[in-house]
Every structure is written in structure tokens, then in C-alpha cells.
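Morning, everyone. Have a look at it first.

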Amino acid sequence: MRKNGRAGGAMLVFLPLAALLIVLALLFGMRALNTWSEYEYEAQVTPVPTATVMAMSVTRDPALVTATPAPTALYMASGSQGDGVLELQEILLSLGYYTGQVDGQFGSGTRDAVKIFQAQHDLEPDGIVGQMTWDKLHSGDAHRIEITPTPPATDTLSASVPMLVNRQHPIPEGFYPLDLVLIEDVAPEGLFIYKQKNLMAVREATEALIRMVQDATAQGISPWQISESYRTYEDQKDIFDNYVSNFMKDGFSRDNAVSATRQTVADPGQSEHHTGLAFDLTVPGEFFSDTAQYAWLATYCWDYGFIMRYTDEKQDITGFLGEEWHVRYVGIEHSKKMQRMDMCLEEYLEYLGQ
């Protein structure tokens, strides 16, 4: 009995001590938990410190500005942007090659200015700024633009037979047609839908197109969209290069991509759109060959001096797949004969002995 009494007393001492230890452990654990929660919160709201770079002001000797190439990216082309393009535009502007806005955006205006600079400094005129072009821009050899006479405009309707432009009969890079007009300035408001701004064409062809579409509209055939008309050499080059690039993204080799592109897109200088006499007519959101507009056009365009320039039946002669949306103005005298004899332009000119 005495022994059991001692054990009970020990238990009475141990239990309060154990309870105290448990309380202390809980307090310490909660304090640690609160400390970790505070750390997590601070980590979320406090930005990670970044290295500080001390700004340095450097004064350049004016005598070295044109003699020492400035460090910058060694490749700039259409689509590039930033400080390097700003500097490029400023230099080209000071030398007279660039006349656009200095905005750091490498667009078609900057590209054309680079090409002229390259051509006048015995560099490959590819419109791309690499190391050689960049060094030349910053060298003492860089000179102001040399103005050459602008070639005269070509009257594409002056000959007794229609003008032929295809792979065997390309136009030169400096070619542009006489009497181009903005279609929107000539056509009645609301007659056409324009897929893009500032579409141009030769006046006589534009006026014939207006008469044709007015008559079709009066017969309930509408709407009519003009997707394409006159294109420059550079416009055609951009279109051709984009098609090639897209084919290459799909896994084509460059040679195969070029071959595939040539099925539907003319090389620069080989497009009828250079003449200012061709139009691509479409209906928004529809396959043109399935529309009433196409059926009307195929039947009546000949009465207004137009021909269906590319058809599937004549593909082996024209070199292009059928383009039911593409019409070409040749004048009523020729269009009616071509319709009657079922000839494409190449066949017709051969028939005339041209």
C-alpha cells in the first residue's frame, strides 16, 4: 500500500508538467507558423531585387561619328523595330534616301530606302541591313542619294493589240502605267466593296468596270467586291515571297515552294496586275465560282471589253490555274472576238500574228 501511494504522488507531479510542455509546444508551433505565413506574404508582395546599372554619359567626338560603326544588331529587315531601326531611319533621312516617319518601325518605306542606298553603294539591294550595309552607312563613303530620271509612264492601251504580260513577256522593275486613278475617286459611292484601301487602275478600264457593275446591280446582281487591281513590282514581290514562305513552313523545300507558288502567283514583273487593266472581283465570305456574280460575269463581261483571263481549260497555255475572279480589260473590239473564237489572250495574239 505504501508503494502505491508514492506512485500516485509521482503521477500528480508529472501530469501538470506534461501539460505545461504541451502548451509551450503549441505556442512555439503557432509562432513558427505565423512567422512562415508572414514570410510567404512578404515574398508575394515584395519584388525580387534587380541589378542596378549605373548610367554612363559618353561624349562622342564628332569626327568619329561617321568613321566608327555603331554597335547594334547586325540584322534588320521588314518587321524589325526598336532603337536600331530609329538610328537607321535617321541616317537614311539625313542622306535623302528615306522620306517617311522616323518611328522605329521597319516597314516598306524603310526597306525601299535601304534598297536604294545599297544599289547606289555597290551592295546587294535586298532591303536587309546586315553588317556590310550597317558599316557602309556609318562610313565616310556613305553619300547622299543620287537622283536619276524617273522613267516615263507607259500607255498600256496605246497599241493596236492588247498588251501581254506573262512569264515570257515580263515588264521591267521601273514600269508603271499611264493614267492611273484611285477607283474610289471615280466610282459612285456604294457601288463597290473595297477589300483594301487606295486601289488603283487605269482610268478607261475603271470606267468600263463601273458601267459593267452598274448594269449587273440594276439586274439584282450584287454586291461586288474589288479585292485587287493595280500592283507595283514591289507589291508582287511581297506577295510571291509570302506564298513561298508559307509553303516552306509547311515543310516544302525552297525549290518546291517556289514551284507551288508559281501555280497561282506570278513572279514579280510577270503579273497582269502591273498593267493597271486587271481586277480581282469577289463576293465577301463566298466562293466566287458558286455565286450569281460569277455566272453573270462569265456571260456578259465580254460586252464591256473584259475577258476571263485565266480558265482551267486554258491552263496549259496561260501557265496558271483557273482564276474565275480575275478579269482583264482589252477593249470591246478584242473581247468580243476572243469570246466568239474561244481564245485566251496568248492564242488571240498568236492568231493576229503578234
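Start with strand E6, residues 306–310, in what is a predicted model. How many of the residues of E6 are buried? The count is 5 of 5, so to speak, a mostly covered strand.

Now the core. The largest nonpolar core has 39 residues, and those touching the most other members are Phe192, Trp224, Leu281 and Phe306. Several elements each supply at least two of its residues, among them E6, E7, strand E5 (278–282) and helix H9 (292–300). Helix H6 gives the largest share, 7 residues. Take Phe306: leaving aside residues up to four places away in sequence, its contacts include Ala205, Leu209, Met212, Phe279 and Val327. There is also a second, separate core of 16 residues, with Met76, Phe106, Trp134 and Ala142 included.

Last, helix H7, residues 233–249. Its 17 residues reach 25 Å from first C-alpha to last, close to the 24 Å expected at 1.5 Å a residue. Which residues of H7 are buried? They are Glu234, Gln236, Phe240 and Val244. Looking down the axis of H7, these buried residues fall within an arc of 155°, so they line one face of the helix. They pack against helix H3 (108–119) and helix H8 (254–261). After H7 comes Gly251, with a positive phi near 105°.

That is the tour; questions, please.

How values were computed:
Residues numbered from 1 in each chain as written. Predicted model: local features only at pLDDT ≥ 70, side-chain atom pairs only at ≥ 80, totals over all residues. Heavy atoms only, no water. Buried < 20%, exposed > 50% of the residue type's maximum accessible area, 1.4 Å probe, protein only. Helix = DSSP H or I, 4+ residues; strand = E, 2+ residues; numbered from the N terminus. Core = buried A, V, L, I, M, F, W, Y, C linked by side-chain atoms within 4.5 Å. Contact = heavy atoms within 4.5 Å. Expected span 1.5 Å × (residues − 1). Arc of directions from axis to C-beta.
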